[in-house]
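Here is a short briefing for a first look. Start with the sequence and the structure.

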Amino acid sequence: MMEKSFDDSMHRYGRAFSAVAIVLMLLVPVFVAFYFKTTPNMRGLLAGLASICLIYLPSSIVEVVTYAPMLGTGATYLAFITGNLTNLKIPCAMSAREIVGTEFGTKENEIVSTLSVAVSSLVTCGVLAIGVLLLVPLTPVLSSPVLQPAFSMVVPALFGALGYKYFSKTPLVAVAPFVSMVLLCLLVPAAASQVAVLVPVSAVISIAVARLLYKKGKI
């Protein structure tokens with residue numbers, strides 16, 4: 001009864017805050033339109049929405065299906081409201097889970113995920129605030145050609161270190177998505193920058209290969 005009540009409250013608050021976040025985001029273009037006393041061309045607006053939805057709507061659905069079992073109810077709502085799941089929220093939650101040693105699907109893991117995502121969100125806001133204040137004084141340093149290669153490798157280095165722990169545990173499962181993504185990026189170089197597409201596609205490949213190997217008794 002307590003677990004059900006907790007889940008119900010998480011869904012209730014999560015849906016409410018998700019609705020508030022959507023309304024606030026939509027108010028930005030509305031206020032811009034009112035301020036400049038203009039309205040967008042409906043044909044262009046619909047064409048832009050259609051092109052965006054074709055790419056991001058399927059990947060968004062797959063992201064929810066992929067990440068929700070890892071995060072739990074509360075952390076899922078919080079992560080999708082605050083955003084930046086791939087770069088910050090998921091690595092933070094996975095690292096916290098490894099440190100504590102919780103299992104997917106348990107209430108302990110949900111609590112750890114919620115706390116880690118919440119702390120990550122607060123730290124992100126703090127870092128952004130400091131970055132805004134120091135943006136002008138640090139511009140010469142941040143724009144230095146010496147540091148540019150390091151900035152471009154931050155995300156690959158983060159996911160390389162984080163992913164190795166899981167790849168080493170189930171190398172057979174990791175081979176198929178790794179080879180598929182490498183071949184895709186080599187054959188279609190433009191796909192290398194489409195993270196929103198690569199992540200759900202590799203997730204589907206991983207799940208399919210894992211299920212096949214499980215049925216054959218390989219894992």
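**Where α3 meets α5**

In α3, Thr-73, Gly-74, Ala-75, Leu-78, Ala-79 and Thr-82 meet Glu-110, Ser-113, Thr-114, Val-117, Ala-118 and Ser-121 in α5; contact means heavy atoms within 4.5 Å. This is a predicted model: local features need pLDDT of at least 70, side-chain atom pairs count only at pLDDT 80 or more, and totals for chains, interfaces and linings use all residues. Residues are numbered from 1 along each chain as its sequence is written, and side-chain values use heavy atoms, with hydrogens and water left out.

- By class, the contact of α3 with α5 has five nonpolar, six polar and one charged residues.
- Helix α3 spans residues 73–82 and packs against α5 at an angle of about 20°, with the axes 7 Å apart.
- The two helices, α3 and α5, are therefore roughly parallel to each other (angles under 35 degrees).

**Ser-116**

- Ser-116 lies in helix α5, residues 107–142.
- Ser-116 counts as buried, at 7% relative accessibility (buried is under 20% relative accessible area, exposed over 50%, partly exposed in between, with a 1.4 Å probe and protein chains only).
- Leaving aside neighbours within four places in sequence, Ser-116 is in contact with Cys-92, Ala-93 and Ala-96.

**Cysteines**

- The structure holds zero disulfides (pairs of cysteine sulfur atoms within 2.5 Å).
- Cys-92 is in no disulfide, and the nearest cysteine sulfur, that of Cys-125, is 13 Å away.
- Cys-92 is partly exposed, at 28% relative accessible area.
- Cys-125 is exposed, at 51%.

Methods:
Helices (H or I, at least four residues) and strands (E, at least two) are DSSP runs, numbered from the N terminus. Axes are lines fitted to C-alpha atoms, for helices over the stretch in contact, and angles run from 0 to 180 degrees between N-to-C directions. Angles under 35 degrees count as roughly parallel, over 145 as roughly antiparallel, 65 to 115 as roughly perpendicular and the rest as oblique. Ala, Val, Leu, Ile, Met, Phe, Trp, Tyr, Cys and Pro count as nonpolar, Asp, Glu, Lys and Arg as charged, and the others, Gly among them, as polar.
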